[in-house]
Amino acid sequence: QVQVTESGGGLVQPGGSLRLSCVVSGSISGVHAMGWHRMAPGKQRELVASIDRLGNSDYAHFVKGRFTISRDNTNNAIYLQMNSLKAEDTAEYYCNAEVRTLSGVRGDHWGSGTLVTVSS
């Protein structure tokens, strides 16, 4: 069984910063691509940033220059440093990981989300 656990959400004022964390645990033989997605009220889920095992990253245009994704392969973790937050960044943020289990099965796994609210 695979668990994906996010943390770090909260309430922050516009212009402020937050750092999200995501850890993958369980019966794992390897963790491949990982990423952050978000879903705002009344909107569809959208990709925010992704990163592979080598550290190659990609960002949605609306967060470039403000958000930074990083990875710790030793601990099967990724992080999202969010700076210059705007009200429109308010959303539930979800971590996604492509995982190979000990039984050799490869598939996508999702966390339950962490809420980020940007408001004065």
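In strand S8, Ile78 is the bridge partner of Arg71, strands being DSSP runs (E) of at least two residues, numbered from the N terminus. The model is a predicted one, in which local features need pLDDT of at least 70 and side-chain atom pairs count only at pLDDT 80 or more, while totals for chains, interfaces and linings use all residues. Residues are numbered from 1 along each chain as its sequence is written, and side-chain values use heavy atoms, with hydrogens and water left out.

Strand S7 is joined to strand S8 (residues 77–82) by six bridges, and the two run antiparallel; strands are taken to pair if DSSP finds at least two bridges between them. Both belong to an open sheet of four strands, ordered S1-S3-S8-S7 with antiparallel pairing. Because strand S1 (2–7) and strand S7 (67–72) each have a single partner strand, they stand at the edges, and one side of each is left without a neighbour in the sheet.

A search of the whole structure finds one disulfide, defined as a pair of cysteine sulfur atoms within 2.5 Å. This disulfide is formed by Cys22 and Cys95, whose sulfur atoms lie 2.0 Å apart. The pair links distant parts of the chain, 73 residues apart, with Cys22 in strand S3 (residues 18–26) and Cys95 in strand S9 (residues 91–101). The torsion about the S-S bond is about -80°, so the disulfide is left-handed. Cys22 is buried, its relative accessible area being 0%, and Cys95 is likewise counted as buried at 0% relative accessibility, where buried means under 20% relative accessible area, exposed over 50% and partly exposed in between (1.4 Å probe, protein chains only).
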